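Thanks for asking me to look this one over. Here are my notes, in the order I would read them with the model open.

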Amino acid sequence: MDGVNTLGIKTADLEQCINNLDCLILNVKHCDDPVRERLSVLNLNFRIVDLAELETFEPAYQHKELAVYKDIHKGKRIFVIGNGPSLRIEDLERLHENGEICIGVNTIYRVYDRTRWRADYIGIGDLMGICYEDIVRLKEKIFLADNDHHIPSTGCERVPNICYFHQIRELFYPNRSRFSDDLTKGFFSGATIVYDFGIQLAAYMGAKEIYLLGVDNHYPEGDNWKTSHFIEDYYSEVQIKKMKNAGLQWASIQTEKTIKQYEAAERYSKAHSFRIYNATRGGALEVFERVKFDSLF
């Protein structure tokens, strides 16, 4: 094949060798080269092995135990609770009074001393959001992302109500949004735990209707660790110090990426006969059909 010589290996452009292949191995990230888009419009007669997809086939990343949650709430409605400033404690009380199925995220349990409401499931997706001393006291099912937490140093492996899920981060790019239909192989990442965990879990559980609450999709600018969520003590002082030392700032959160993922969820829901509604009081998320929270009861 014609082409430049790289480290003694002959190289060629895809178009030059497209008709002479038995197998094509892709080893570039999805954001680095448009080769996948070029291949998608061609009528190919050879096998493609995409190394970027291997994560979904690696047994070490699979959690077959999650299969027990498949259709566990089939036909029901599920509330996915975000932690935005719009969330009201009285709304959580309303959910409790009506016995709604609820998925919470990260440290939403910090509000438990102010309400009778409890999440049925809690997903924690980042190492900064974990507090072992808190988790050991929780009774509901806790899901931790194995990317950060599946390590002995957290102590979480000793907690009986914990299980793990895998976030497929390699495949998260704004131009390639994905939604998982088999959570035993992983949850696709979406730059927000509401998508990374909450919506995909609710869909996997067989929800007919998914209602988002407290999903503002907007973060105030500046040093706003105490105002970015619905309660000021959502993060402990220790967590805030840890995140500041790591250089994290809310202004760096790219909500335009989350919009792309929410759009993927909307397309998936329409194609798979369930609906996602936004019951958030205000906020900046307009991808899903809006409903008034109070009208749901």
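1. Ground rules. This is a predicted model, in which local features need pLDDT of at least 70 and side-chain atom pairs count only at pLDDT 80 or more, while totals for chains, interfaces and linings use all residues. Residues are numbered from 1 along each chain as its sequence is written, and side-chain values use heavy atoms, with hydrogens and water left out.

2. The whole chain. The chain holds eight helices and 14 strands, taken as DSSP runs numbered from the N terminus (helices are H or I, at least four residues; strands are E, at least two). Of its 297 residues, 51% count as buried; buried means under 20% relative accessible area, exposed over 50%, and partly exposed in between, with a 1.4 Å probe and protein chains only. Among contacts (heavy atoms within 4.5 Å) between residues at least 6 apart in sequence, 56% join residues at least 24 apart.

3. Helix α8. This helix covers residues 255-271, and its 17 residues should span 24 Å at 1.5 Å a residue; the end C-alpha atoms are 25 Å apart, which agrees. The expected span is 1.5 Å times one less than the number of residues.

4. Its buried side. Buried residues of α8 include Thr 258, Gln 261, Tyr 262, Ala 265 and Ser 269. An α-helix has 3.6 residues a turn, so residues three or four places apart point the same way. The buried residues of α8 pack against α6 (193-204) and β13 (275-278).

5. The α6 and α8 pair. These helices pack at an angle of about 20°, with their axes 10 Å apart. That makes α6 roughly parallel to α8, the term for angles under 35 degrees. Val 194, Tyr 195 and Ile 199 in α6 meet Gln 261, Tyr 262, Ala 264 and Ala 265 in α8. By class, this contact has six nonpolar, one polar and no charged residues; Ala, Val, Leu, Ile, Met, Phe, Trp, Tyr, Cys and Pro count as nonpolar, Asp, Glu, Lys and Arg as charged, and the others, Gly among them, as polar.

6. Ser 273 follows α8 and lies in the loop between α8 and β13. Ser 273 has a positive phi of about 60° although it is not a glycine, and at 53% relative accessibility it counts as exposed. Asn 217, in the loop between β12 (209-213) and α7 (237-245), has a positive phi of about 55° and is not a glycine either. At 12% relative accessibility, Asn 217 counts as buried.

Definitions and conventions:
Axes are lines fitted to C-alpha atoms, for helices over the stretch in contact, and angles run from 0 to 180 degrees between N-to-C directions. Angles under 35 degrees count as roughly parallel, over 145 as roughly antiparallel, 65 to 115 as roughly perpendicular and the rest as oblique.
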